[in-house]
Structure formats: C-alpha cells, structure tokens
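Subject: Handover of a structure and notes on its contents

Dear colleague,

Please find the structure below, followed by a written account of what was found in it. I would be grateful if you could read the two side by side.

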Amino acid sequence: MPDVQPLNSDLNGDLNGDLIDPTVATPARIYSYLLGGEDHFPADRAAAEKALEAMPVRDFARVNRAFLTRTVRHLAETGLDQFLDIGIGLPAPGSTAETALSVRPDARIVGVDNDPIVLAHARAHRGEPAPSGATIVAGDVRRPAEILENPEVRGRLDFDRPVAVLLVAVLHFVVDEDDPYGAVRTLMDAVAPGSALVLSQVTADLDPDGVGATAKAYARSSVRTAVRSHKEIAAFFDGLEPVAPGVVRLSQWRPDEQVLAGDDRIGMYGGVALKP
C-alpha cells in the first residue's frame, strides 16, 4: 500500500483531512515542475522527465502559460472583470490572477482545482484577497454543476454579469466518456451573455508519435489523457462567437514578444469565444 501522507506543515495550513499521495504524480504538480515551481514530489519529476524524453513538454507548459496570459490580458482590457479558472493549478508567474489584476485591480478571480496540494496552498492563506489574488475552491470540471452551485463561487462572482470561463490545458485530462462537451455547455449555459470561454488542449495533429509517447508518460499520473484533433477542439466553441483569430496553434493567438521562434511547432490548439 502506498505511503499516503498529508502535506507537511511548511504551508502552515489546515488540510481538513486532505491526503496527498507523494507516490502518484498529478498534472498540477507536473506542471509546477515544468514551469520551475517548487511544489512537486519525486513521482511528479519522474513523470515529467519521462515525458521530456518524448517531447519538449517544458515548452508546451511555457507556450500554454503565455497563451493564458495573453487571453486574460485581452479580456481584461476589453472590460471583463470576473474570471472562473477551472484547473487553476499551483502559483506561477503569468497566472490568471496576476494578469487580470495588473489590468483591472478590481477583478474577481475564482480558481477551481481537485488537487489537494493546490487546495492546501489556498487554505494556508485565508486572507482576503489571498496572496495569489484568487479565491480557490475544490471542484472538478467533470462535475460542472457542483462548481456552479458552490457558495464560494456564487458569493465571489456575479453570474448576472459576464464571466470569463477558463479551461486552459484541462480538457486533455477529461476522456470522452466523462462528457467534456456537456461540461463546457453546462458552464457556458450558466453565465451571462458577453461571457467568454478560453480553452486550450493538446493535439496529435502535428506529432502523433510524440504525443502518444507523452500520454504514456502521463499515465503514471493520477488521471487519464484524451488527445483531440483541431475539429474536435473547435467543437467545444459551438454556439459561441469566436474572437479572432479563432482556434489556432497557441503561438498564433495574438502573439507578442514572448512568442519565440519555433513555438508554432507546439502541438496545442486554443482560442477564445464570446457568448452571444
């Protein structure tokens, strides 16, 4: 039986009984490692290094984070001041909260995650606003109604006004049998007209062999993976009005000086669309 242990007291938080298994890698901790964060265990590092043997997944993480930053900045500059970031992960530069608050200091950000270490970080800092700038709650995109009914979500966000719903590098961890398209519809049906969907997802369109090998490496983590085509990813935006340039490779979505030569080879598509 694996040695399951609570997160140590370095976070000074009340874990409320959450148990963290350091022998099983999780997407949030792998992502933290790839972005140069500190919150990960040997199992997370091993899974990341195995994935790096197949593909430049550290570049995937960097390019995806830059896409998140650009999309949040754009939405904040165009007037959105409420953000629901599902799969917010561990603190890292260029986060939703950091970016939105730099444009709109009055922005309200709610992060949702199902990784106990992410939730432990939130509970370790109970101030309002939290150091991350976001209110973080437990939740899973596979159960969207629970997110929408969460009193902390409802207390922080006004669903009578537009909300930006972020599903950035999340849905490739939701297999088809868990109905990811239904989850996205449920979330977008709940928000007001003028709300936005921001979404990015890994694809095998560019490098099927490398993505397949990476998926095997991620099989060491606590979730399964689902790789989708451009057509399948674009279908998440059905019924919404795309923001130019549409669903494209991440480096092609309104690139700035952070986009580097070769970033167009990263096998992820993303886009932004508005609810009419």
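Over the ring of which residue does the charged end of Arg254 sit? The ring is that of Trp253, and the charged end lies 5.2 Å from its centre. A charge is said to sit over a ring if NZ of Lys or CZ of Arg is within 6 Å of the ring centre and within 35 degrees of the ring normal. Arg154 has its charged end over the ring of Phe159 in this sense, 4.0 Å from the centre.

Before the remaining findings, a note on the basis of the values. The model is predicted, so local features need pLDDT of at least 70 and side-chain atom pairs count only at pLDDT 80 or more, while totals for chains, interfaces and linings use all residues. Residues are numbered from 1 along each chain as its sequence is written, and side-chain values use heavy atoms, with hydrogens and water left out.

Overall architecture

The chain has 10 helices and 8 strands; these are DSSP runs (H or I of at least four residues for helices, E of at least two for strands), numbered from the N terminus. Of the 276 residues in the chain, 53% are buried. Here buried means under 20% relative accessible area, exposed over 50%, and partly exposed in between, with a 1.4 Å probe and protein chains only. Among contacts (heavy atoms within 4.5 Å) between residues at least 6 apart in sequence, 74% join residues at least 24 apart.

Aromatic pairs

The structure holds 2 aromatic pairs. Rings of Phe, Tyr and Trp (its six-membered ring) pair if their centres lie within 6.5 Å; planes under 30 degrees apart count as stacked, over 60 as edge-to-face, and the rest as tilted. Phe67 and Trp253 form an edge-to-face pair, with 6.2 Å from centre to centre and 85 degrees between the planes. This pair links distant parts of the chain, 186 residues apart: Phe67 belongs to helix H3, and Trp253 to the loop between strand S7 (248-249) and strand S8 (268-274). Phe67 is buried, at 0% relative accessibility, and Trp253 is buried at 0%.

The rings of Tyr181 and Phe236 are stacked, because their centres are 4.1 Å apart and their planes are at 15 degrees. Tyr181 is in helix H8 (residues 180-190) and Phe236 in the loop between helix H10 (230-234) and strand S6 (241-242), 55 residues apart. Tyr181 is partly exposed at 22% relative accessibility, whereas Phe236 is buried at 4%.

Salt bridges

A search of the whole structure finds 12 salt bridges, each a side-chain nitrogen of Lys or Arg within 4 Å of a carboxyl oxygen of Asp or Glu. One of them joins Arg29 and Asp44, whose closest N and O atoms are 2.7 Å apart. Since Arg29 lies in helix H1 (residues 27-34) and Asp44 in helix H2 (residues 42-54), the pair ties together parts that are 15 residues apart in sequence. Arg29 is buried, with a relative accessible area of 1%, and Asp44 is buried at 0%.

Arg62 and Asp263 meet in another salt bridge, at 2.8 Å from N to O. Arg62 lies in helix H3 and Asp263 in the loop between S7 and S8, so the bridge ties together parts 201 residues apart in sequence. Arg62 is partly exposed at 28%, whereas Asp263 is buried at 5%.

Asp140 and Arg142 also form a salt bridge (2.7 Å, N to O). Asp140 is buried at 7%, while Arg142 is partly exposed at 33%. Elsewhere, salt bridges that share partners join Asp81, Arg104, Asp106, Asp158 and Arg161 into one network.

In helix H4 (residues 96-103), the buried residues are Thr96, Ala97, Thr99 and Ala100. Seen down the helix axis, they fall within an arc of 165 degrees, so they line one face of H4; the arc is that of the directions from the helix axis to the C-beta atoms. Their cover includes helix H3 (57-77), strand S1 (82-86), strand S2 (108-113) and strand S4 (164-168).

In strand S5 (residues 196-202), 7 of its 7 residues are buried. One side carries Ala196, Val198, Ser200 and Val202, the other Leu197, Leu199 and Gln201, and both faces are covered. S5 pairs with S4 in the parallel sense over 5 bridges; strands pair if DSSP finds at least two bridges between them. Ser200 in S5 stands opposite Val168.

Yours sincerely
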